[in-house]
Amino acid sequence: MRKIIYIFMILLMSVLLMSCKDKGKNIPEDPKTEENKDLNENKNETVEEQPDESKEDIEEVPDNEGGNVIGTNDSAIITGLAGDIMKNMTLEEKVGQLFIVNLELLDSSKGNYYEFRSLTKKMVAGIQKYNVGGVCFFSRNIETREQTTKLINKLQERSKFPMFITVDEEGGQVARIANNDNMKTTKFPTIEEIGKMDDKEYAFNMGETIGREIRELGFNVDFAPVADVRTNELNTEIGNRSFGNNPKLVARMVKEVVSGLQSQGISATLKHFPGHGDAVNDSHEGAVNVENDIERLRSVEFVPFKAGIKEGADFVMISHISISRVTEDTVPASLSSLVLNEMLRLEMGFQGIAITDALNMKAITDQYNSKQAAKQAFIAGADILLMPEKLPEAYNSILQAVQNGEISEERLDTSVRRILEIKVKRGIIPIDTDLVAGKMDTDNSVDSETEENNE
């Protein structure tokens, strides 16, 4: 009889413990809006609310199958492995890691905006020659889930160094993947609408959902969230891509999106530092100057970036605006050492990857050629040079500057180390990589069916 009572008590305690555990996972209901209705319909799991001080620990890096966890948060492993890989890299390979390119820069035979959707021989040759750090996908490269995943896998297979596979998937207006119905991923309202909700849980779930869905396709970096505070209603470049005009609200939303994305192993990118929300003109079309002083920047523009950096964002994207009242010149921020070093590194304390906005934008190309822009941005403190107008000129400008001593190899190693460390942390470079031993078994042949793009 005592044995029966003892077993009964154990079972009762187990039920009570399970009940308590389950209660900790409950999430308050979202506000009853059409936007939240869309998100709730696509939720596959609930997320336990985390206290601010523990959000830093949400660093699980899942693999593409959505099950096992890859990557590591062990700083000794991250720095040690990155250092070991660097020992086996040539100077040319190190320089290549500084570039993230669009597919047309790897195969320029079809012009600047060709709809490449499969691997070509010239892309393979470009990857072999430059050892680029990553590629950026646009809507024109994304047709179906199968096609996108196949292209990403083939690009990675042909690269000696696993690449950043990047995309602008902000949600709302700028969503290269979700705005294609063939991709069957979750669509979200505009970022401005989400900001009006002021719902931190919704923002986290959006980041988590986007992160999970693009990871399943093979992407590992999202050029999101937009951390700009839109204080100028005439600003059309940012427009409804901003969470709003209140810096504290934008900071709350940005922090949660970063946390959500990176909980899924996707590197988040804060953009566009030092803040593009008060500009009138579009840097895609020409030079843009914002006449805010440093006090204004610190009280408004910097606030969301500080929150995202504190949350551990892997990337910060530097815009091409100039801030003449601070720098006393009209040099684009992406080419300014005052912005990249004094502001971003020293004042903001950012130790991750600083990436330029696209260097093929007219704010750059109207004033600088590819050689000048790449070298000046790198000397100023950028780690990754995004989509130069002409890759050979940009690549050779850095290579030659290191060879002739204009840029020290120590400076080059600083950026390459940051890049490799993020790749190790996020599992892009596996811990058991052959790169440490300098092995390379990459098959650089191209299947006959993808030898040329026959769209």
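Modeller: The description below begins with the sheet as a whole and then follows its strands, a helix and a pocket. Please keep in mind that the model is predicted.

The sheet is open and has eight strands, in the order 9-8-7-6-3-2-1-10, with parallel pairing. Strand 9 (353–356) and strand 10 (385–386) stand at the edges with a single partner strand each, so one side of each has no neighbour in the sheet. In general, strands of a sheet pair through backbone hydrogen bonds, either parallel or antiparallel.

Strand 1 (residues 99–102) pairs with strand 10 in the parallel sense over two bridges, and Phe99 has Leu385 as its bridge partner in strand 10. Strand 1 is also joined to strand 2 by three bridges, and these two strands run parallel. Here Ile100 stands opposite Gly134 of strand 2.

Strand 2 (residues 134–137) is covered on both faces: Gly134 and Cys136 are buried on one side, and Val135 and Phe137 are buried on the other. Four bridges pair strand 2 with strand 3 (residues 164–167) in the parallel sense, and the bridge partner of Cys136 in strand 3 is Thr166. Strand 2, helix 7 (residues 145–157) and strand 3 together make a right-handed β-α-β unit.

We now turn to strand 7. Strand 7 (residues 267–273) is mostly covered, since seven of its seven residues are buried. Strand 6 (residues 221–222) pairs with strand 7 in the parallel sense over two bridges, with Ala268 of strand 7 as the bridge partner of Asp222. Between these two strands the chain passes through helix 10, and this β-α-β crossover from strand 6 to strand 7 is right-handed. Strand 7 also pairs with strand 8 (residues 315–318), in the parallel sense and over four bridges; the bridge partner of Leu270 in strand 8 is Val316. From strand 7 the chain crosses through helix 11 (residues 294–310) to strand 8, and this β-α-β crossover is right-handed.

At 1.5 Å a residue, the 17 residues of helix 10 (residues 247–263) should span 24 Å, and its end C-alpha atoms are 24 Å apart, which agrees. The N-terminal end of helix 10 is capped by Asn246, which has a side-chain oxygen 2.9 Å from the backbone nitrogen of Lys248. Ser263 is found in helix 10. Ser263 counts as buried because its relative accessibility is 9%, and buried means under 20%. The side chain of Ser263 reaches the backbone oxygen of Gly260 at 2.7 Å. Helix 10 is followed by Gly265, which has a positive phi, near 80°.

Finally, strand 7 also has a place in the largest pocket. About 940 Å³ of space lies in this pocket. Its lining consists of 42 residues, of which Tyr113, Phe138, Ala358, Asn360 and Met387 lie nearest the centre. Strand 7 is one of the elements that each supply at least two residues of the lining, as are helix 5 (103–106), helix 14 (362–365) and helix 16 (391–403). Helix 6 gives the most to the lining of the largest pocket, with five residues.

Technical notes
Residues numbered from 1 in each chain as written. Predicted model: local features only at pLDDT ≥ 70, side-chain atom pairs only at ≥ 80, totals over all residues. Heavy atoms only, no water. Expected span 1.5 Å × (residues − 1). Polar contact = N/O pair within 3.5 Å; in protein donor to acceptor, adjacent residues only side chain to side chain. Buried < 20%, exposed > 50% of the residue type's maximum accessible area, 1.4 Å probe, protein only. Pairing = 2+ DSSP bridges. Right-handed = clockwise from strand over helix to strand, strands pointing away. 1 Å grid on protein atoms, 1.4 Å probe; cavity = no way out; pocket = protein on both sides within 12 Å on 5 of 7 lines; lining within 4 Å. Points joined across faces, edges and corners; volume = space filled by probe spheres on them.
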